[in-house]
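Hi everyone, thanks for making the time. I'd like to walk you through one model today, so please have a look at it while I talk.

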Amino acid sequence: MDSLLIAIVSGLVGLLLGVAGMHAFRVSELQRAAGIDVDEPTMPAGATEVLASLGLAYIVVDTVDGVVRANPAAYAFGLVRGHTVVHQELLALTARVRADGVIIDQDHELPRGLQGESSIVVHLRVAPLGDEYILVLADDRTEFSRTQAVRHDFVANVSHELKTPVGAISLLTETIEDAADDEEAVRHFAQRLQRESARLAALVQDIIELSRVQGKNVVHSGRPVDLGEVISEAVDRSTLPAEAKDITIKVGGSLTRSVHGDHDQLTMAFRNLIDNAVRYSPEGTRIGIGLSSRDGIAQVTITDQGIGIAPEDQERIFERFYRVDAARSRQTGGTGLGLSIVKHVITNHGGEVSLWSQQGKGSTFTVRIPELEEGQGPGEPEEGAPEADADGGPRTDHQQSDRARAGEGGTA
């Protein structure tokens, strides 16, 4: 009996000691685990605020190129989709930075859109950020690159265009010198020399005017302009070349309000359109200029009875130095910049210029510019007065509707 009791007591004591030991071990493990300092990768203090103030698209990726943070601009540019970097070019740059610890600055042209239907030019700066992160900064250079390309093409085109008259003048002077004893030949080549000099002067002047138009901010420097006065001045300046070809210029209609803009630029643009109509119209024809105002838009249509423009040329007619017929342009003195200047001027004034043309039947250029909301222009028409047609006569309602469709849609 005494032996059984001793055995039972000994077992209970052993069980209690085992439970106490297990509890002590567990408490020890918890205390040891709590004392371990785990170094989690962290972004430097203030990095988020600095990135937000840069005004650039940015992406922060981790050690496996997962997107930790990106701003809306990065998603808008198509650099990030979800939590994934889209372009392999970016991933190649982050891998180099992660391996070498260097900072990379490069320009890249990357596809944009779900199907890569467009592209974006970005300047990328890729650098380490903190212990485990890589930062990608992206600056949109698309518009800058486009401007640089346009400037490069413009310089190349100008150089090419200047070579022709300069080369012709050089050859003509040599020819005149060689034919000094032939009075008739000297007179003939002197006349050609004069034409080439005038062509060179016109080309240089158009280049200057185009540069001036591109460099002036009409929004800030403009004033209220009466388009009726602008048209009158442009017609006056084109009277002599029109009379030389027995071409009649008639103006009909009126405008109710002024427009905001630059008087000299608008005069130059409309004079270019009228001169273009005179230059490519046969002798004894007529040019009509119609003025109208609808829904706060001033509309000017210039219609000629010239040779017309082929459909394949109409889309390119406003490009710099583009000529439908280069040989005819040389004969008429065209520089290929007149309509480009018109396009720039009207666009700077918040308007649009469109073309309707049919070969053998002439062309109609339609200019539409927003009118000023406050005040009436000095040329307000009488109530109920009929709107004039482009040839100067009264226009019926049916003709007005047809002309409006031609001006707005660019087709007859």
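First, the ground rules. This is a predicted model, where local features need pLDDT of at least 70, side-chain atom pairs count only at pLDDT 80 or more, and totals for chains, interfaces and linings use all residues. Residues are numbered from 1 along each chain as its sequence is written, and side-chain values use heavy atoms, with hydrogens and water left out.

Now the overall picture. The chain has 14 helices and 14 strands; these are DSSP runs numbered from the N terminus, with helices being H or I of at least four residues and strands E of at least two. Of its 412 residues, 39% count as buried, where buried means under 20% relative accessible area, exposed means over 50%, and partly exposed is in between, with a 1.4 Å probe and protein chains only. Taking contacts with a separation of 6 or more, 63% come from residues 24 or more positions apart, and a contact means heavy atoms within 4.5 Å.

How confident is the predictor? The mean pLDDT of the chain is 75, with 67% of the residues reaching 70 or more; pLDDT is the predictor's confidence in each residue, from 0 to 100. Where pLDDT is low, the predicted coordinates should not be read in detail.

Let's move to the helix pair. Helix 10 (residues 263-279) packs with helix 13 (residues 338-348) at about 145°, and their axes are 9 Å apart. Those axes are lines fitted to C-alpha atoms over the stretch in contact, and angles run from 0 to 180 degrees between N-to-C directions. Which residues make the contact? On the helix 10 side they include L266, A269 and L273, and on the helix 13 side they include L339, V342 and V345. By class, the contact has nine nonpolar, five polar and no charged residues. Here Ala, Val, Leu, Ile, Met, Phe, Trp, Tyr, Cys and Pro count as nonpolar, Asp, Glu, Lys and Arg as charged, and the others, Gly among them, as polar.

Stay with helix 10 for a moment, which holds L273. L273 counts as buried because its relative accessibility is 2%. Leaving out residues up to four places away in sequence, L273 touches I302, L339, V342, F365 and V367. F365 is 92 residues from L273 along the chain, yet their C-alpha atoms are separated by 7.8 Å.

T267 lies in helix 10 too. Is T267 buried or exposed? T267 counts as buried, because its relative accessibility is 1%.

Last, some backbone angles. Most residues other than glycine have a negative phi. D65, in the loop between strand 1 (57-61) and strand 2 (67-70), has a positive phi of about 65°. D246 has a positive phi too, near 55°, and is found in the loop between helix 9 (239-244) and strand 9 (248-253). D246 counts as exposed because its relative accessibility is 55%.
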